[in-house]
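The following dialogue works through the reading of a protein model, feature by feature. Please keep the sequence and the coordinates in view.

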Amino acid sequence: MKKKICIVQSIYNEDITEKLCSGASKTLKAWRVKHSIEKVSGAFEIPVMIARLAKKYDGFIAVGCIIKGKTANFDLISNAITNGIMQISINEKKPIGNGIITSFNKEQCLERLDKGKEAAIAVINVLKIKNPNNLEERFPEPK
């Protein structure tokens, strides 16, 4: 049976999240993994969207970008999202690749744009999806 993966993308800081989503999508396409993209307003909405879609997909990739401001909101939101994603993953027994960047400024985000691709590879590995090019690599990279 072919695996289906859903990328859940926050559109807040969309200039960053669009690149994260693109990296994840390109990786899944290279591996010939069927996938779709669902967009949500902000990173805080990612866990609820994943929970809502949990029965439809074999795995998920969460992509978002949270940049620290002048309040404690950054820490609260980051922790809530991470805990929510982990709880859903455990309860549903499905991998969720965490491609949500948390940083102190936009420059740090721009240095971490591979997080979407890395999250896709993590989900591919957990689902044990075979490399379409028959490469035997732990952290696969189709040519």
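A: Two strands are taken as paired if DSSP finds at least two bridges between them. Helices (H or I, at least four residues) and strands (E, at least two) are DSSP runs, numbered from the N terminus. The model is predicted: local features need pLDDT of at least 70, side-chain atom pairs count only at pLDDT 80 or more, and totals for chains, interfaces and linings use all residues. Residues are numbered from 1 along each chain as its sequence is written, and side-chain values use heavy atoms, with hydrogens and water left out.

Q: What is the order of the strands in the open sheet?
A: Strands of a sheet pair through backbone hydrogen bonds, either parallel or antiparallel. In this model four strands form an open sheet in the order β2-β1-β3-β4, and the pairing is parallel.

Q: How many bridges join β1 to β2?
A: Strand β1 (residues 4–10) is joined to β2 by seven bridges, and the two run parallel. As one instance, C6 has S36 in β2 as its bridge partner.

Q: Which strands does helix α3 lie across?
A: Helix α3 (residues 73–92) lies across β3 (59–67) and β4, and runs at about 175 degrees to β4. Helix α3 includes S89. Apart from neighbours within four places in sequence, S89 is in contact (heavy atoms within 4.5 Å) with K94, P95 and I96.

Q: Is S89 buried or exposed?
A: The classes rest on relative accessible area: buried means under 20%, exposed over 50%, and partly exposed in between (1.4 Å probe, protein chains only). S89, at 17%, counts as buried. F60, which lies in strand β3, is also buried, at 1%.

Q: Which residues are in contact with F60, leaving aside its neighbours within four places in sequence?
A: The contacts of F60 beyond those neighbours are I5, C6, V8, I50, L53, A54, P95, I96, G97 and V123. For a C-alpha distance, consider F60 and I85: they are 25 residues apart in sequence and 9.8 Å apart in space.

Q: At what angle do α1 and α5 pack?
A: The angle between α1 and α5 is about 40 degrees, and their axes are 6 Å apart. A crossing is left-handed if the near helix is turned anticlockwise from the far one by less than a right angle, and right-handed if clockwise. Here α1 passes α5 in a right-handed crossing. From α1, the residues L20, G23, A24, T27 and L28 meet K115, G116, K117, A120, I121 and I124 of α5. By class, this contact has six nonpolar, three polar and two charged residues. Ala, Val, Leu, Ile, Met, Phe, Trp, Tyr, Cys and Pro count as nonpolar, Asp, Glu, Lys and Arg as charged, and the others, Gly among them, as polar.

Q: How many salt bridges does a search of the whole structure find?
A: A salt bridge is a side-chain nitrogen of Lys or Arg within 4 Å of a carboxyl oxygen of Asp or Glu. The search finds five. One of them joins K106 to D15, at 2.3 Å from N to O. K106 belongs to helix α4 (residues 106–110) and D15 to helix α1 (residues 14–30), so this pair ties together parts that are 91 residues apart in sequence. K106 is partly exposed at 38%, and D15 is partly exposed at 37%.

Q: Where do K115 and E118 lie?
A: Both are in helix α5 (residues 115–127), three residues apart, about one turn of the helix. K115 is partly exposed at 26%, as is E118 at 42%.

Q: Which value of phi does N13 have?
A: Most residues other than glycine have a negative phi. N13, in the loop between β1 and α1, has a positive phi near 60 degrees. K93, in the loop between α3 and β4, is not a glycine and has a positive phi of about 55 degrees. N13 is partly exposed at 23%, whereas K93 is exposed at 71%.

Definitions and conventions: Axes are lines fitted to C-alpha atoms, for helices over the stretch in contact, and angles run from 0 to 180 degrees between N-to-C directions.
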